[in-house]
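Here is a short report on one protein model. It covers strand pairing, overall build, helices and surface.

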Amino acid sequence: MIDAPVQQIRAITHFSELGADLHTTAILDFGSGRQASITCAIDCALPNEVFVTGTRGTIHIPSPMWCPETFSVTDSSGTTMAHHFPIDRPSTLVRNGFNFRNSQALKYEAIAFQNCVKDGSRDCPPISRKNTLQILEVLDGIRDAIGLRYTNDTRS
């Protein structure tokens, strides 16, 4: 996350007949010209990649961005450096595969959580409780912007 709070959220969505948010796009304004645009959908296939662009270059995280094996950094001169982090292949013990590509790498999150529990830690680097709450506040802000409320919402 950017080390600045989101100052403004604008979002649009397409709702299903039953009220599910099928396709949502949001623009997050962090101030000082810093913005992020995000799109999520359950009614169409998206490229599932990330581009982070700034004054010194661009970072590209290809699909699947939730668990990439590679990313590249292109500096302002146009030079690109690729970085590779292969993950373990799925176990042959997994009979029906996974719901999402590279899901076998979720084991790293499980191991990190297990270590935190074992050590009695209330924070699990690299995503701290503070970062988690920031992310949840952004998601709540997007839901507010599109007018989505759940039955058990406690937000006013």
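## Strand pairing

Strand S1 (residues 8-15) and strand S2 (residues 21-31) run antiparallel, joined by 8 bridges. Two strands count as paired if DSSP finds at least two bridges between them. Strands (E, at least two residues) and helices (H or I, at least four) are DSSP runs, numbered from the N terminus. His14 stands opposite His23 in S2. S1 and S2 make a hairpin with 5 residues between them. In that turn, Gly19 has a positive phi of about 95°.

S2 also pairs with strand S3 (residues 34-41), again in the antiparallel sense, over 8 bridges. Here Thr24 stands opposite Cys40 in S3. The hairpin of S2 and S3 has 2 residues between the strands. Ser32 takes a positive phi there, near 55°. In a regular strand, side chains alternate between the two faces of the sheet.

## Basis of the model

This is a predicted model: local features need pLDDT of at least 70, side-chain atom pairs count only at pLDDT 80 or more, and totals for chains, interfaces and linings use all residues. Residues are numbered from 1 along each chain as its sequence is written, and side-chain values use heavy atoms, with hydrogens and water left out.

## Overall build

The protein chain has 2 helices and 7 strands. Along the sequence, the pattern is β-β-β-β-β-β-β-α-α. The C-alpha trace spans about 45 × 45 × 35 Å along its principal axes.

Of the 156 residues, 17% are buried. Buried means under 20% relative accessible area, exposed over 50%, and partly exposed in between (1.4 Å probe, protein chains only). Contacts are heavy atoms within 4.5 Å. Among contacts between residues at least 6 apart in sequence, 22% join residues at least 24 apart.

## Helices and surface

Helix H1 (residues 107-119) has 13 residues. The expected span is 1.5 Å times one less than the number of residues. That gives 18 Å for H1, and its end C-alpha atoms are 18 Å apart, which agrees. Gly120 follows H1, with a positive phi near 75°.

Leu136 lies in helix H2 (residues 129-146). Leu136 is partly exposed, because its relative accessible area is 43%. Together with Ile127, Leu133, Ile135 and Leu139, Leu136 forms a nonpolar surface patch of about 430 Å² accessible area. Patch residues have over 30% relative accessible area and no salt bridge; like charges are joined within 9 Å, nonpolar side chains (Val, Leu, Ile, Met, Phe, Trp, Tyr) within 5 Å. A salt bridge is a side-chain nitrogen of Lys or Arg within 4 Å of a carboxyl oxygen of Asp or Glu. Areas come from the Shrake-Rupley method with a 1.4 Å probe; for residues, only the protein chains shown count as cover.
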